[in-house]
Amino acid sequence: MTGERDGTLLGSVQRAIAVTDVVADARRPLPVKAIARACGLTLGTTYNIVRTLVHEGVLAHEPDGLVLGHRFPSLRPEETDGVFLARARATLRGVSKELGVTACLSRFIDGEIHVLDVVDAPHSPRVDVWVGPQDSAHASALGKRILSDLEAGDRLDYLSRHPLRKLTQNTISDRRTLLQHLDAYRCASIDVEEYAVGVRCLAVPVRAPGVIGSLAVGAPADSAPVDVAHVVKRMRSAASRLSLSRGVDGLA
């Protein structure tokens, strides 16, 4: 908040800008309480500001907090974390709604695989991540997709630092078998109860200059059969939208 005391300035506008800036700089959706603390505002004042900004489309409600709304990204450099988060969240929500599944975005950063965002479907809740993505890439569709897209040297380096733990009876825990599996699936990666019993997942690549990522969806293993080719096509379309967004380049 600016400390300038100019009688012509409107404090309410300054507070609204401060709230918007906090959300725009965040890499995760922010609850109102966190925004209030960051801005030094009372909770009541913050709720009133947020309600107005949501009504005007500057902010948008997500189940886990506030993100930028549909009107805001054009006002901010595209490489800003908050802008990419808003666009990624919109894409994930679209995939989740269209396919009725949980959608997840991951990226390879500094030699490790990180989950950037997850959107749950009402009847397909996310998997309980009891093993982090750094230690389960060999067993998860999202991890296997990224491993498939790494250069051979980077892939072997990653596997040399991460033991292939047997998470379920379906987990591939032999390196040679895993490498053959990775080479066999060039367009999409799958895991059928390899990470968690009762869950099947599918992942497609998200590629941009300097970026190796994956868009994955997960559903109960006993859910109704789907047209895999159709699902992959829709996911690749969504992944292309993420890849074309210049915001992905600035996400750290």
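**Briefing: helix packing in a predicted model**

The crossing of H6 and H7 is right-handed. This structure is a predicted model.

**Overall picture**
- Of the 252 residues in the protein, 50% are buried.
- Among contacts with a separation of 6 or more, 59% join residues 24 or more positions apart.
- The protein has an accessible surface of about 12900 Å², and carbon and sulfur atoms account for 54% of that surface.

**Helices H6 and H7**
- Helix H6 covers residues 152–161 and helix H7 covers residues 175–184; their axes come within 12 Å and cross at roughly 140°.
- Because angles over 145 degrees are needed for roughly antiparallel, H6 and H7 count as oblique to each other.
- On the H6 side, the contact is made by Arg155, Leu156, Leu159 and Ser160, while H7 contributes Arg175, Leu178, Leu179, Leu182 and Asp183.
- These contact residues of H6 and H7 comprise 5 nonpolar, 1 polar and 3 charged.

**Helices H1 and H3**
- Helix H1 (residues 11–24) packs against helix H3 (residues 43–55) at an angle of about 80°, and their axes lie 10 Å apart.
- The two helices, H1 and H3, are therefore roughly perpendicular to each other.
- Arg15, Ala16, Val19 and Thr20 of H1 meet Thr45, Ile49, Val50 and Leu53 of H3 in this contact.
- By class, the contact of H1 with H3 involves 5 nonpolar, 2 polar and 1 charged residues.

Conventions
Residues numbered from 1 in each chain as written. Predicted model: local features only at pLDDT ≥ 70, side-chain atom pairs only at ≥ 80, totals over all residues. Heavy atoms only, no water. Buried < 20%, exposed > 50% of the residue type's maximum accessible area, 1.4 Å probe, protein only. Contact = heavy atoms within 4.5 Å. Areas by Shrake-Rupley, 256 points an atom, 1.4 Å probe, with all protein chains shown as cover. Axes fitted to C-alpha atoms, helices over the stretch in contact; angles between N-to-C directions. Helix = DSSP H or I, 4+ residues; strand = E, 2+ residues; numbered from the N terminus. Parallel < 35°, antiparallel > 145°, perpendicular 65-115°, else oblique. Left-handed = near helix turned anticlockwise from the far one by under 90°. Nonpolar A, V, L, I, M, F, W, Y, C, P; charged D, E, K, R; others polar.
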